[in-house]
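Subject: Structure handover

Dear colleague,

Here is the structure I said I would pass on. Please look it over before reading the notes below.

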Amino acid sequence: MNIEQFKKEKNENAWFYSPDGDFEIFIKGNETEPDQDSYELAEKLMSILEECKAKAIHLLESFMKDEGIWHLCTASFVEAEEHKGCAFTLDFGFESNSNRHEYNYTGFLVCFSWPLSNPAPLNEPHPFKFVVEFS
């Protein structure tokens, strides 16, 4: 991943990239370019993405009555600003084992804190809340 791969989101100061077409990463920016600090955080996140996904899914499954498959849709440093205290968000879709279409219009947004200024291991991302969205 490099900063030149990010494309401008239409009508917003957000930039996105889709590694291998699996999911999208959104970072902050302005009209002309992505924000370097936001890009560097996205790079750090990519190096620990599997660990963060596992933490998020563990949190979601602790509240979920159904079993199934979780799909990462987006990782965002832009949407995080809308949710108090979030450094970044991971947005998931869910496919239930009992009815694969039951959650088609439901999104599960997990908010992470990321206290980078703390010493290790207290500087690791930590999921602290989630939001269920219906479209």
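What follows is a short account of what was found in it.

This is a predicted model, in which local features need pLDDT of at least 70, side-chain atom pairs count only at pLDDT 80 or more, and totals for chains, interfaces and linings use all residues. Residues are numbered from 1 along each chain as its sequence is written, and side-chain values use heavy atoms, with hydrogens and water left out.

Overall fold

The chain has two helices and seven strands, where helices (H or I, at least four residues) and strands (E, at least two) are DSSP runs numbered from the N terminus. Their order along the sequence is β-β-β-α-α-β-β-β-β. The radius of gyration is 15 Å, close to the 14 Å from the globule rule for 135 residues, so the chain is as compact as a globular protein of that length. That radius is taken over C-alpha atoms, and the rule is 2.2 Å times the number of residues to the power 0.38. Of the 135 residues, 38% count as buried (under 20% relative accessible area, with exposed over 50% and partly exposed in between; 1.4 Å probe, protein chains only).

Aromatic pairs

There are 13 aromatic pairs (Phe, Tyr and Trp rings, the six-membered one for Trp, with centres within 6.5 Å; planes under 30 degrees apart are stacked, over 60 edge-to-face, the rest tilted). F88 and W114 have ring centres 5.4 Å apart and planes at 70°, so this pair is edge-to-face. F88 lies in strand 5 (88–96) and W114 in the loop between strand 6 (106–113) and strand 7 (126–134), so the pair ties together parts 26 residues apart in sequence. F88 is buried at 0% relative accessible area, and W114 is buried at 12%.

F94 and Y103 are also edge-to-face, at 5.2 Å centre to centre and 80° between planes. W70, F92, F94, Y103 and F108 form one aromatic cluster.

Regards
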